[in-house]
Amino acid sequence: MTCARLFEALFALLLLTIGGVAHADFGMPPPDISQSQLQYYLQYPRLATAARYGLRDDIGNTMDGLSLVQLSGQPYKYAAVYHTAYAVSGGALRFKVNLAASNDLLRWRYLGMLADNASMPRVATVRGSTWIVVAHEQWSGRGPGSTGPSRIAYRLFYTGADLINRVERGLWIQPSFLTSLNGTPSFFDLRQSYCGVYRCVSGEIGFHYWSGRKDLNATTTNQMMFDPRGLATSVEAAASYRYNLRFSLLGVTGNVGQRDMLRTRTGRYVIQEGNIGTPAASWDKWRIYLYRYAESGVVPDGSGTIIPIAPQTPGGSSSFGNPSINVVDDPTGRGKVVVISYFLFSEGAKNGEAGSLLYYFRL
């Protein structure tokens with residue numbers, strides 16, 4: 001064995017022995033969920049096993065744009081990243097990405113801030129490792145509030161313990177694509193790769209870019225993220241023209257924004273938000289769609305099928321965005337649950353349901 005390979009093997013062993021591990025989203029066997037079951041879970045939050053509307057952490061921060069990951073070997077079963085908007089001088093809003101943890105998925109303890117002047121986070125574990133990556137919009141405009149330009153930042157944590165304790169091991173910011181406004185990252189795949197004697201991360205990423213009129217979806221493949229030599233790169237970045245067109249033909253005249261992916265034994269799916277009103281407005285017109293892959297690759301190219309989803313809440317809210325979905329262990333230890341979150345825009349919310357909704361169904 002060469003010195004480099006010995007170093008790699010010892011380093012991998014070290015990662016498995018410190019601080020506990022996170023359950024790997026991209027490494028775990030896919031759950032046995034049919035398309036009809038998935039549609040049911042997305043459409044009927046009012047029938048969920050458990051739900052929490054207007055979700056906040058234990059110190060009162062709104063948990064908007066929420067994304068979660070399961071942990072093991074930690075005091076908490078789950079960790080969540082989310083953004084909170086804070087009022088600053090001049091009536092502007094400054095966004096921060098926060099971190100909280102929970103043992104029941106409904107009550108969340110605030111652990112601290114992960115990123116200032118940042119929003120729309122996503123968290124996932126890296127296939128074949130204990131590593132965890134958090135991606136988010138990083139704003140860099142002048143002034144106390146969060147304003148453009150924006151790019152996508154990636155933060156690395158070696159273990160669940162690192163994440164809980166906010167011990168960041170690496171940071172990489174993706175180059176701008178087409179315009180100075182890029183955001184709403186999502187993960188299609190994350191995997192460890194070799195960067196000489198180092199380990200780094202590669203993966204397929206979804207995000208939005210501002211077209212000059214509205215947000216549209218794009219994808220890229222990032223290679224060698226967190227390479228200490230600074231060799232990380234974004235390749236094959238491309239606007240998802242056919243994918244965006246498919247949604248516009250269904251009446252999505254505004255933004256095609258945030259998305260989340262779930263792979264099951266019956267197929268690969270994207271839960272996608274879309275606005276059927278005016279770009280950057282019409283907050284009462286955000287809708288949810290289920291995209292089922294026909295393509296064989298991990299990145300959707302628009303050749304799949306699209307099914308509109310109309311989530312039903314107890315109060316009858318109608319405007320939903322920022323979808324996320326995970327399959328994790330049941331908080332009570334009885335198998336698995338599918339966890340879904342939406343943001344309910346106040347313009348379409350009923351009976352105090354505005355804000356972040358988190359709910360789950362027992363599988």
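Guide: Phe-361 is buried, as its relative accessible area is 6% (buried is under 20%, exposed over 50%, partly exposed in between, with a 1.4 Å probe and protein chains only). Phe-361 belongs to strand β20, where helices (H or I, at least four residues) and strands (E, at least two) are DSSP runs numbered from the N terminus. This is a predicted model, in which local features need pLDDT of at least 70 and side-chain atom pairs pLDDT 80 or more, while totals for chains, interfaces and linings use all residues. Residues are numbered from 1 along each chain as its sequence is written, and side-chain values use heavy atoms, with hydrogens and water left out.

Visitor: Which residues do ring pairs link with Phe-361 into a cluster?

Guide: Rings of Phe, Tyr and Trp (its six-membered ring) pair if their centres lie within 6.5 Å; planes under 30 degrees apart are stacked, over 60 edge-to-face, and the rest tilted. Here, the cluster joins Phe-361 with Tyr-40, Tyr-41, Tyr-44, Phe-320, Tyr-342 and Tyr-359.

Visitor: How many aromatic pairs does a search of the whole structure find?

Guide: The search finds 18. One of them is Phe-177 with Tyr-209, which is edge-to-face because the planes are at 85°, with the centres 5.6 Å apart. Phe-177 is in the loop between β9 (170-173) and β10 and Tyr-209 is in strand β11, so this pair ties together parts 32 residues apart in sequence. Both of these residues, Phe-177 and Tyr-209, are buried. Phe-343 and Phe-345 make another edge-to-face pair, at 5.1 Å centre to centre and 80° between the planes. Phe-343 counts as buried at 18% relative accessibility, and Phe-345 is buried at 11%.

Visitor: Which residue lies over the face of Tyr-86?

Guide: A charge sits over a ring if NZ of Lys or CZ of Arg is within 6 Å of the ring centre and within 35 degrees of the ring normal. Lys-96 does this for Tyr-86, at 5.4 Å from the ring centre. Likewise, the charged end of Arg-268 is over the ring of Tyr-293, 5.8 Å from its centre.

Visitor: Which residues touch the most other members in the largest nonpolar core?

Guide: A nonpolar core is a set of buried Ala, Val, Leu, Ile, Met, Phe, Trp, Tyr and Cys residues joined through side-chain atoms within 4.5 Å. The largest has 34 residues, and Val-133, Tyr-154, Phe-187, Leu-190 and Phe-226 touch the most other members. Elements that each supply at least two residues of this core include β7, β8 (150-157) and α4 (241-248). Strand β11 gives the most, with 4 residues. Another core, of 20 residues, lies apart from it, with Leu-38, Ile-271, Ile-325 and Tyr-359 among them.

Visitor: What lies in the largest pocket, in terms of space?

Guide: On a 1 Å grid over the protein atoms alone, a pocket is an open set of points with protein on both sides within 12 Å along at least five of seven lines, whereas in a cavity a 1.4 Å probe fits but cannot get out; lining residues have an atom within 4 Å of a point. Points are joined across faces, edges and corners, and a volume is the space filled by probe spheres set on them. The largest pocket holds about 980 Å³. It is lined by 39 residues, of which His-83, Phe-95, Met-120, Trp-283 and Phe-345 are the closest to its centre. Strand β10 gives the most to this lining, with 3 residues.

Visitor: And where is the cavity?

Guide: The search finds 1 cavity of 30 Å³ or more. The largest cavity has about 30 Å³ of space, and its lining includes Phe-188, Tyr-243, Arg-259 and Pro-300. Strand β12 makes the largest contribution to that lining, 3 residues.
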